[in-house]
Amino acid sequence: KAQEATPRGLNSWAARIQRNYPRRAEREGIEGNVGLRVTVGTDGRVSNCTVTSSSGSSDLDSAACDGMTRYARYNPALDRDGNPITDTDTRTIVYRLN
């Protein structure tokens, strides 16, 4: 039966993306939320990333897409015959300094 792509190990890779805080943004005390739309390939990896809601910082926006492409993993979407297909997902990456 058909199903959409679902995150695999979300807490682990989301934390990793947030830990890789861009150095300049960290130095300047910049925080923000980055809204993203990603394309999930048939292998469960992110093949494309687009910022849909900017944090106001190009450093944070770039880091969020880079992190999704590097670390995010999904269970691929399936068509009605159970074959893997590409899909999209939306996420918000939150950058907060401790």
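**Figure 1. Charged side chains of the predicted model.** The chain carries 14 positive and 12 negative side chains. The centres of these two sets are 5 Å apart. The model shown is predicted. Its accessible surface amounts to about 5,900 Å², and carbon and sulfur atoms account for 40% of that area.

**Figure 2. Overall arrangement of the chain.** Three helices and seven strands form the secondary structure. Read from the N terminus, the order of elements is β-α-α-β-β-α-β-β-β-β. Along the principal axes, the C-alpha atoms occupy a box of roughly 50 × 25 × 15 Å. Of the 98 residues in the chain, 37% are buried. Where contacts join residues at least 6 apart in sequence, 71% of them link residues at least 24 apart.

**Figure 3. The aromatic pair of Trp-13 and Tyr-74.** The structure contains two aromatic pairs. In the pair of Trp-13 and Tyr-74, the ring centres lie 5.8 Å apart and the planes meet at 45 degrees, so the pair is tilted. Trp-13 belongs to helix α1 (residues 10-19) and Tyr-74 to strand β4 (residues 74-75); the pair therefore ties together parts that are 61 residues apart in sequence. Trp-13 counts as buried, with 5% relative accessibility, and Tyr-74 counts as buried at 0%.

**Figure 4. The aromatic pair of Tyr-21 and Tyr-95.** The ring centres of Tyr-21 and Tyr-95 are 5.3 Å apart, and their planes stand at 85 degrees, so this pair is edge-to-face. Tyr-21 lies in the loop between α1 and α2 (23-27), whereas Tyr-95 lies in strand β7 (residues 87-95), so the pair ties together parts that are 74 residues apart in sequence. Both Tyr-21 and Tyr-95 are buried.

Definitions and conventions. Residues are numbered from 1 along each chain as its sequence is written. This is a predicted model: local features need pLDDT of at least 70, side-chain atom pairs count only at pLDDT 80 or more; totals for chains, interfaces and linings use all residues. Side-chain values use heavy atoms; hydrogens and water are left out. Helices (H or I, at least four residues) and strands (E, at least two) are DSSP runs, numbered from the N terminus. Buried means under 20% relative accessible area, exposed over 50%, partly exposed in between (1.4 Å probe, protein chains only). Contact means heavy atoms within 4.5 Å. Accessible areas come from the Shrake-Rupley method with a 1.4 Å probe; for residues, only the protein chains shown count as cover. Lys and Arg count as positive and Asp and Glu as negative; His and the chain ends are not counted. The place of a charge is taken as NZ of Lys, CZ of Arg, CG of Asp or CD of Glu. Rings of Phe, Tyr and Trp (its six-membered ring) pair if their centres lie within 6.5 Å; planes under 30 degrees apart count as stacked, over 60 as edge-to-face and the rest as tilted.
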